Amino acid sequence: MAGALPVGEPAPEDGLLPDSAAAGATDRAFGVYVHVPFCRVRCGYCDFNTYTADELRGARRTDYAGQAIEELEASARVLDASGVPARPAATVFFGGGTPTMLPADDLVAMLDAVRRTHGIAAGAEVTTEANPDSVDAAYLARLREGGFTRVSFGMQSAVPHVLATLERTHDPANVPRVVRWAREAGLDVSLDLIYGTPGESLGDWERSLDTVIAESPDHVSAYALIVEAGTKLARQIRRGEVGEVSDDTQADMYELAEERLSAAGYAWYEVSNWATDAAHRSRHNLGYWRGDDWWGVGPGAHSHVGGVRWWNVKHPAAYGERIARGVSPAAAREVLDDHARETERVLLRSRIAEGIRVDSLAAAGRREVAGLIADELVDAKAALAGELVLTVRGRLLADAVVRRITDA
């Protein structure tokens, strides 16, 4: 199970938001995230809020769709009572965990609830994550019939010993099959990779990239492995059972991903994401990076509306108990002050290809940009034209750039 939730102020049981949440809402897109917290096994690197069957203790997977639907119904009432204008969902994203551990009909029923409570905008992007071993052709066809437009497969690697270190249990040979089935169903396809696993060589990473490119997905995510405290992998590294991967090695892997994916026709648009064209970028994730509004459904899910952020209780049993009592499942919340909102704006918007206008920064931040140009961390031509765009785009670099600007 994941680590502790953030510390915030108590969230009201009625879930109502402060008046400030409604300000400017019509200028922001609205999305829905549905967290499905179930996994067949716990991967050694995972710090997400997920639960295997023997960790549920008082919760049942069969109850989950109904509970999520009740939260969706409450969400529409809360936003209305808080004076936040109604907006149809521009994007819906089912994440986890492994959403496809639930029956396809459960996912469709939850999507129908989004449609009924908030509405779904014309041309909306509707995604679910999936383990390559958790779906078949009929399952994917049912998702498409029910309104899903996109599936994101957690491939992670094409190399068996890398998957073994990550404790991923799927068969790499299933990836081509599920991609084909998704295509036949009419779904867009994203493949997700992780690089920097202990014991993974540059050649291993190249093999995974080549395997992805051969499948011609619409979208590719490549995330640097972060070893989170408290995970099994962190304990293995501490005991010397597996070695750590250096930042330099991860940087080399990132540069190789950029080289190979760009050569194959994929355009970078966010620190860890590439797409065949603008139409196939993950619009849901772009909503996070642009500071839009979203309601997060489910145990441990985070939400954000107009500078108000809240997070639900973690355990499915505690979540179900609150839903049954008709009170908000929110554990706590925070109302971001101006400084926090500006820091997040720089942190998030500087990760994406459209960048952030230098003339929108505070004076100290604008001065810091000159140093970033001198250090060749941002592109001078773009910066001088008024936009900050990261050109060496790894996660560690992005974090360093943001610290220099926001701490100036």
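**Loops, core and helix packing**

Analyst: At 44% relative accessibility, Ser 216 counts as partly exposed, where buried means under 20% relative accessible area, exposed over 50% and partly exposed in between (1.4 Å probe, protein chains only). This is a predicted model in which local features need pLDDT of at least 70 and side-chain atom pairs count only at pLDDT 80 or more, while totals for chains, interfaces and linings use all residues. Residues are numbered from 1 along each chain as its sequence is written, and side-chain values use heavy atoms, with hydrogens and water left out.

User: Where is Ser 216 found, and what is its phi near?

Analyst: Ser 216 lies in the loop between helix H6 (202-215) and strand S7 (219-224), helices (H or I, at least four residues) and strands (E, at least two) being DSSP runs numbered from the N terminus. Ser 216 is a residue other than glycine, yet its phi is positive, near 50°.

User: Is Glu 167 buried, partly exposed or exposed?

Analyst: Glu 167 sits in the loop between helix H4 (160-166) and helix H5 (174-185), and its phi is also a positive value, near 60°. Because its relative accessibility is 24%, Glu 167 counts as partly exposed.

User: Which residues have the most contacts inside the largest nonpolar core?

Analyst: A nonpolar core is a set of buried Ala, Val, Leu, Ile, Met, Phe, Trp, Tyr and Cys residues joined through side-chain atoms within 4.5 Å. The largest such core has 76 residues, and those with the most contacts inside it are Met 110 and Phe 153.
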